[in-house]
Amino acid sequence: MDLRKVDSLASIAEAEDLDFSRLLDRPRLKIERKRSFDERSVGELTVSGNLRQVDSYDSMYSLGTMRSVLDTPGSSAPNPFDPHPMVAEAWEALRRTIVFFRGQPVGTIAAYDHASEEVLNYDQVFVRDFFPSALAFLMNGEPEIVKNFLVKTLHLQGWEKRIDRFKLGEGVMPASFKVKHDPTRQTDNLIADFGESAIGRVAPIDSGFWWIILLRAYTKSTGDLALADSAECQKGMRLILALCLSEGFDTFPTLLCTDGCSMIDRRMGIYGYPIEIQALFFMALRCALTMLKQDTEGKEFIDRIVKRLHALSYHIRNYFWLDFQQLNVIYRYKTEEYSHTAVNKFNVIPDSIPDWIFDFMPTRGGYFIGNVSPARMDFRWFSLGNCLAILSSLATPEQSAAIMDLLEARWEELVGEMPLKVAYPALESHEWRIVTGCDPKNTRWSYHNGGTWPVTLWLLTAACIKTGRPQIARRAIDLAENRLSKDSWPEYYDGKLGRYIGKQARKFQTWSIAGYLVAKMMLEDPSHLGMISLEEDKAMMRPPIKRSASWTI
Ligand code: GLC
């Protein structure tokens, strides 16, 4: 049995069940208690006999089936799952993508597709793409590459970043980096892209959040507190947080974003307050809260985070949530309401509700819609945002269950023949022209516009395990196993059912490979979930009953 895992589970349950409001009053005590849990050695745990992994997973899975983190992939450790031949193949493919800097592994390139003529920027290490690779390595007991990556990207954060004559914020993390090897001089140099060479010249808001979330995953998985505690990492976190917690003209706690600032890195009508970024933001804030030190600088950020988390969860749980009942409420909205008594606070005009949503919305189930801002609700479904909302406990347990209900009820639309659409539905015709700016890569049911991305399999699996529905993940993995390897691990699939390999999809796309491995490992050993999941905070306000009643049906 792997005692390190038990340690990390115990600390999740006991340390992260934090009550934000109490943390504000008595921050020192709480944090110190948390730290002492994390620091508790495996030896202490064994001596005290405290092997209880106090959380919801132990009711579903017995410890006896857990596989050691140090097992090699496809090892013959007894477990109820037969190793699929694709697993060994995926590991081999993943290892081929490893990038070395001065002899040290520092990341994985986005795609290792030799058949493709244009490399574009797929030979770079993307921060967001590396995340599932990092999880795969951590779950397999290979933390070194993850640590090196965290340190290298932190170093890149310190660079001065400019787009033309404009200087970017200090905390911006790169979208990607590349190692340039000079064979004559025998030197390695790093080149990073902070948005200055990206299409649309957009800085990646998601990179810093993924970085913080990965730092916590690394800490949880290895028990190595020294990295997160180091002055460099503490400063790196503060710089990222300073960017997104700064005061401005905002009237909402959500983070204002431009199009193309995340995984969907082209114009797709994501601008405003996209759920993808809000869920990442929320999760990164919660992760930072578990790692920030209580020194003078850290304390200030902890206070700001706690306040923001309260407001953010309230806002998103209330205004982004859509189920049958709420759709009916919006459908009957009156407009032009002023003052505090307004029901339709953002003045959403019911005529702007798209036709498809009325059929799509099941009687049972719900989800967080894509975007909410004045007079604008983007009703599209986004997979990453909804799965991360479950993992971070931005969604209440009832909302999480409802999201899974919706996924089951709308399996054909959201999954079809391959998991999982990045967004649903596709924008077509006039709307596509206006919203995407006639983007030929984002035609209907392709790429970011209703395309299917196998990388989302790990997010779906994690959400399934967290909500106690591993059978849904198994169904999705079965679908992936029918095609992924045969199709050479495409970046994305096209079509309403996700049946066709994407028009311009790379083959051997690293995060498609890593996403599959992570999904498999998590299903096999659900205790891995602790790295990327946070339990619900008891004190976070629940949305008013009048709107939440339908979640419990
Ligand atoms: C594409 C995707 C982006 C990804 C990159 C590398 O640009 O839109 O999300 O990070 O490829 O795979």
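Which residue in S7 is the bridge partner of Val-179? Let's work up to that one, and to a few others, step by step.

Some ground rules come before the exercises. This is a predicted model, where local features need pLDDT of at least 70, side-chain atom pairs count only at pLDDT 80 or more, and totals for chains, interfaces and linings use all residues. Residues are numbered from 1 along each chain as its sequence is written, and side-chain values use heavy atoms, with hydrogens and water left out.

**Exercise 1. Find the partner of Val-179 and place its strand in a sheet.**

Step 1: Helices (H or I, at least four residues) and strands (E, at least two) are DSSP runs, numbered from the N terminus. Two strands pair if DSSP finds at least two bridges between them.

Step 2: Look at S6 (residues 176–182) and S7 (residues 187–193). Seven bridges join these antiparallel strands, and Val-179 has Leu-190 as its bridge partner in S7.

Step 3: Check the turn. S6 and S7 make a hairpin with four residues between them, and Gln-186 in that turn has a positive phi of about 60 degrees.

Step 4: Now go to the other neighbor of S6. Strand S3 (residues 125–126) pairs with S6 in the antiparallel sense over two bridges, and Val-125 has Phe-177 as its bridge partner.

**Exercise 2. Describe the hairpin made by S1 and S2.**

Step 1: Strand S1 (residues 98–101) pairs with S2 in the antiparallel sense over four bridges. Phe-101 stands opposite Gln-104 in S2.

Step 2: Two residues sit between the strands, and Arg-102 in the turn has a positive phi of about 50 degrees.

Step 3: Ask about cover. Buried means under 20% relative accessible area, exposed over 50%, and partly exposed in between (1.4 Å probe, protein chains only). Four of the five residues of S2 (residues 104–108) are buried, so S2 is largely enclosed by the rest of the structure.

**Exercise 3. Work out what surrounds the ligand.**

Step 1: List the neighbors, counting a residue as near if one of its heavy atoms lies within 4 Å. Among them are Ala-110, Tyr-122, Phe-126, Asp-129, Asp-265, His-448, Glu-491 and Trp-511.

Step 2: Pick out polar contacts, which here are pairs of N or O atoms within 3.5 Å; within protein, one must be able to donate a hydrogen and the other to accept it, and residues adjacent in sequence count only if both atoms are side-chain atoms. An oxygen atom of the ligand is 2.9 Å from an N or O atom in the side chain of Arg-128. For Met-263, a polar backbone atom is 2.7 Å from a ligand oxygen. Tyr-447 brings a polar side-chain atom to 3.3 Å from an oxygen of the ligand.

Step 3: Check the cover. On its own the ligand has 310 Å² of accessible area (Shrake-Rupley method, 1.4 Å probe; for residues, only the protein chains shown count as cover), and the protein covers 96% of it.

**Exercise 4. Decide whether Thr-461 is buried or exposed, and say what it touches.**

Step 1: Thr-461 lies in helix H20, which spans residues 456–466 and has eleven of its eleven residues buried.

Step 2: Thr-461 counts as buried because its relative accessible area is 0%.

Step 3: Contact means heavy atoms within 4.5 Å. Leaving out residues up to four places away in sequence, Thr-461 touches Ala-473, Ile-477, Ala-519, Met-522 and Leu-523.

Step 4: H20 is followed by Gly-468, with a positive phi near 75 degrees.

**Exercise 5. Zoom out to the whole chain.**

Step 1: Count the elements: the chain has 23 helices and 15 strands.

Step 2: Check burial: of its 553 residues, 62% count as buried.

Step 3: Check the contacts: among those between residues at least 6 apart in sequence, 72% join residues at least 24 apart.
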